[in-house]
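User: I'd like to learn how to read a fold like this one. Can you walk me through it?

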Amino acid sequence: MNLIPSNYTETLLELKRRINLAQYKSYSAVNTELILMYLDIGKVISKKIKTGWGDGIVDTLSNDLQSEYVGVKGFSSRNLRKMRLVFEETEHNSIWPQLVAKIPWGHTNLIFSKLKDAEKRTFYLQKCIERGWSRSILEEEIKFDA
């Protein structure tokens, strides 16, 4: 007969906390790399368009990237244009790329598409990190101008 030790539940909870922490840290690290990649892609597109490429080339890039990385989301023409926008908006503000890298891309898009004021952008970027807002909460906070 297998008897469960009296401290089993505590041990199980401790292991579950550790697993959850590792999962969260892994997700955060992957998200940070993804966002940094998006900013790099935005930088490349921005520089190419400034040196003479037409904006229509974004559609071609999108098609070619989606063909190469089948099943990988994020390379639509619309998202590539957002990468360019976010890069151009963040390139002259040293703190924004650091903040953007800590939150999901959807949050970043929402902040940069709905808000033009630099102080408000910084406020909402910081609050997303501090409070762990979901996108729907962020949307509500912006709507009611927290």
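User: What covers the buried residues of α3?

Analyst: This is a predicted model, and in it the cover over the buried residues of α3 includes α1 (8-50), α2 (57-68), α4 (96-100) and α5 (105-114).

User: Which are the buried residues of α3?

Analyst: Start with the general idea: an α-helix has 3.6 residues a turn, so residues three or four places apart point the same way. In this case, the buried residues of α3 are Ser77, Asn79, Leu80, Met83, Val86, Phe87 and Thr90.

User: How many Å should helix α3 span, and how far apart are its end C-alpha atoms?

Analyst: Helix α3 takes in residues 77-90, and at 1.5 Å a residue its 14 residues should span 20 Å. The end C-alpha atoms are 20 Å apart, so the two agree.

User: What radius of gyration does the chain have, against that of a compact globule?

Analyst: A compact globule of 146 residues would come out near 15 Å, but this chain has 20 Å. Along its principal axes, the C-alpha trace spans about 75 × 40 × 25 Å.

User: And what share of the residues is buried?

Analyst: Buried residues account for 30% of the 146 in the chain. As for the accessible surface, it comes to about 10,000 Å², with 55% belonging to carbon and sulfur atoms.

User: How many positive and negative side chains are there?

Analyst: The chain carries 22 positive and 18 negative ones, and the centres of the two sets lie 1 Å apart.

Definitions and conventions
Residues are numbered from 1 along each chain as its sequence is written. This is a predicted model: local features need pLDDT of at least 70, side-chain atom pairs count only at pLDDT 80 or more; totals for chains, interfaces and linings use all residues. Side-chain values use heavy atoms; hydrogens and water are left out. Helices (H or I, at least four residues) and strands (E, at least two) are DSSP runs, numbered from the N terminus. The expected span of a helix is 1.5 Å times one less than its number of residues. Buried means under 20% relative accessible area, exposed over 50%, partly exposed in between (1.4 Å probe, protein chains only). Contact means heavy atoms within 4.5 Å. The radius of gyration is taken over C-alpha atoms; the globule rule is 2.2 Å times the number of residues to the power 0.38. Accessible areas come from the Shrake-Rupley method with a 1.4 Å probe; for residues, only the protein chains shown count as cover. Lys and Arg count as positive and Asp and Glu as negative; His and the chain ends are not counted. The place of a charge is taken as NZ of Lys, CZ of Arg, CG of Asp or CD of Glu.
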